[in-house]
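Here is a short tour to read with the viewer open. Take the headings in any order you like.

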Amino acid sequence: METLYNILIDPFVQMYEAPDFLMQVLWEGLVSGVLYALIALGFVLIFKSSRIFNFAQGIMVVFAALTLVGLHENGVPAWLAVPLTLGVMYVLAVGIERVVLRPLVGQPDIILFMATIGVTLFLIGFGEFVFGGENKVMITEALGIPTGALEFNPFGGFVLIEEKDLTAVVMAVLLVFALITFLNYSSMGRAIRALGDDHQAALSVGISLSTIWVIVWFIAGVIALATGIVWGARAGVSFALEVIAYKALPVLMLGGLESVSGAIVGGLAIGILEKLFEIYWGQPFLGGNTETWFAFILALIVLLFRPQGLFGERIIERV
Amino acid sequence: MTKLSKIGALVAAGGLALGIGVTSVAAETMYTPNMSYRTGPFAATGIPLMNGQRDYVNMLNARDGGVGGVMVDFEECETGYNTNKGVECYEKTKANAIVTQPWSTGITLQVLPRTNVDRIPILAPGYGFSPMSDGNTFAWAFNPPVSYWDGASMIMNFISDGDMNSLKGQKIALLHLDHPFGKEPLPLLEQYAEEYDFELVPIPVGLKEMQNQSAQWLQIRRERPDWVVMWGWGAMNAGALTEAVKTRFPMDKFVGVWWSGSDDDLIPLGEKAKGYKSISWNVPGDYPVIDAIKEHVVDAGNSMVEEPADMDKVFYQRGVVMSMFLVEGIKAAQEHFDVGAVNAEQLRWGLENLNITDELLEELGMAGMTAPFQTSCSNHTGHGGAWMLEWDGEKFVKASDLLKPDRASIEPLEKEKAAEYAENNAPWPGRDGLPCE
């Protein structure tokens, strides 16, 4: 009985008794969720337009962040380093399209997936060759990102909000709005969606596959840069950032591989729920570190009921 | 290409390969592979250490023509701190190696049984499995100058100000990597918690959570521990320090193991991290040995350090000390067996008879850089002791006298766990007839 009380009632009592702490947990969960959603967006965009699961998204985050910091270290001012990094990401997108994707048009999806593993390995080696493997500091202040903290005192307690986390959330929201606007209201965006719906039909009306792929990979590069800046500002820029890409996998399972809104809702849901579970159930009952598996279990439960994910498209194939 | 010319090319290539083989046999060297991790999530920790290790050996090769007149072939095999790759590296290098330097507790545990069969000594300075100290059980493994349990006991000694009974009723959080390395201090700390009646709160950090430790630091905020002890590696250290600053945890109540004390993790935080402490078995400073490395290796363009200032950092200098242990083992073996190039079995003897004295450190240009110690058949660690370093906002400075491990508590635990390991891995050879001279 006591065990049942501890599991089912006590966590909620704790939430009620320390609402400021609960608010802090929710805020931290929200920030993590926004960051997961950002990474997942990179995957979704590429999958939507080309049916390629881009294994290289994680290393693209590292590569973009390292390029930005590397340029700045070499005397390029921050205002110029950002567009130059975007230029590098564009060149990368063109290179991937020309060297990796174009020769593999028409090949099975798994071949293209394997090719992105090749891109990952190349970027790891090339990145380490150019930038070295040491920890680097994100140029947070040079980019004009505030580094202070806001303190609130609700319910007699305190909630700390880092200004850079707040900036990350605002930046992510703006990026998502820009993306949704681009995809829904620009002709290029509609072309990307058309390509995602039906490759052959899109090609038959004159949509250029190679142009779209370059654009989509470039947008994934832009998202990678944004992700690299906000994650890098939290814990430094190093190849360890690549690991965070794996956090996007359960987000994709939950939200669906083809849905922009799924990536956002999935990311936020996982960020907040995993934090609540870890703090109120994981640490007291399971010894902590439940964040490594919680999201996958949640995604699996969702898949039991909705195999296409919460927002994925239900594909009915004729037998 | 005609068939004849193809055959000719093959013969020429074969002859060339044979020639290279003959040359490498003719030039006597000692092959001491190092399983480095200059890439991957732990590279930030690995690079300065590997640089220090490599540069010390290269300095001896350049200045003295090697060790005892024999050049040391210090080759790196990159593992990215991945256990599977580490085992591959071990298998790839073992044929000619006189030592294996596995560089991760996970890899050490994997290769430990194999080294008994292959008869190659493991040198794991300041890492690996603490019971390896028991040389009667782990005849081929060495972890000088102190083990993780030594480190945990010295940290507890420091935070209790020498009186462990004063910890009664306190709460101590252990923020650790959820990995064999991170779990190493748990048996001793659990024993202490029971004996001295304090509460130990282990807080694991998963490999994927190293960069985002908000949940762990929320737990620390809720638990309000008196001290946080960190057993971190690689990106985990920077992540934890950033969160500690962010959550305004008092830095003077935050202590790390020696792998959580890299200048590179603290520099971005600067003044904000002032007061953070890390136990260390080397003290950073200006030493003649560093000048010699600069002269013979760095200025000659043969080092991988990016800036000479990197040579002043704790981790670089620790790498230098680590290679010194290896070289002194080689020298001891050369002297004892009266040979130039020592083999793996001879080096094992050398590492078992290390005698690092103050006089020797002075002679090597390393006086005060590390503590003197001696190994023996039953003591493969030496247990020399360590100092507490403190971050002053710009660099690490010495913040204590030499601390000594609580051997009275640790030794029985080492023997118990070593026996348990041998039983679980039976038939375990132990010393397997190796003489104790």
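Predicted model: local features only at pLDDT ≥ 70, side-chain atom pairs only at ≥ 80, totals over all residues.

## Helix H7 of chain B and its cover

Several elements of chain B cover the buried residues of H7(B), including helix H5 (148-159), strand E5 (171-177), E6 and helix H15 (407-424). Those buried residues are Leu188(B), Leu189(B) and Tyr192(B), in a helix that runs over residues 186-196. Why do they line one face of the helix? Looking down the axis of H7(B), you will find the buried residues within an arc of 95°, so they share one face.

After H7(B) comes Asp197(B), which has a positive phi near 60°.

For chain B the average pLDDT is 91, and 94% of the residues score at least 70.

Residues 1-26 of chain B call for a separate look: pLDDT stays under 50 there, and the model gives this stretch one contact beyond four places in sequence.

## A bent helix, H4 of chain B

H4(B) covers residues 105-118, 14 residues in total. From first C-alpha to last it reaches 19 Å, close to the 20 Å expected at 1.5 Å a residue. Where does H4(B) bend? The bend is at Leu112(B) and comes to about 40°, with a proline, Pro113(B), following within four residues.

Leu112(B) is also one of the buried residues of H4(B), along with Thr105(B), Ile107(B), Thr108(B), Val111(B) and Thr115(B). Their packing partners in chain B are helix H3 (83-93), strand E3 (122-123), strand E4 (141-142) and helix H6 (180-183). Just past the end of H4(B), Arg119(B) has a positive phi of about 55°.

## Where chain B touches chain A

Contacts between the chains involve 33 residues of chain B and 34 residues of chain A. On the chain B side, at least two residues each come from helix H2 (43-64), strand E6 (199-205), helix H8 (214-223), helix H9 (235-246) and helix H10 (263-266). By class, that side of chain B has 14 nonpolar, 11 polar and eight charged residues.

## Ile229 in chain A

Over in chain A, Ile229(A) sits in helix H10, residues 209-235. Is Ile229(A) buried or exposed? Ile229(A) counts as buried because 26 other C-beta atoms lie within 10 Å.

Setting aside neighbours within four places in sequence, Ile229(A) contacts Ala65(A), Met138(A) and Leu143(A). Ala65(A) is 164 residues away from Ile229(A) in sequence, yet their C-alpha atoms are 6.2 Å apart in space.

Note on methods. Residues numbered from 1 in each chain as written. Chains lettered and ligands numbered in written order. pLDDT = per-residue confidence, 0-100. Contact = placed C-beta atoms within 7 Å. Expected span 1.5 Å × (residues − 1). Bend = angle between axes of the 7 residues up to and from the residue. Buried ≥ 20, exposed ≤ 12 C-beta atoms within 10 Å, placed from the backbone. Nonpolar A, V, L, I, M, F, W, Y, C, P; charged D, E, K, R; others polar. Arc of directions from axis to C-beta.
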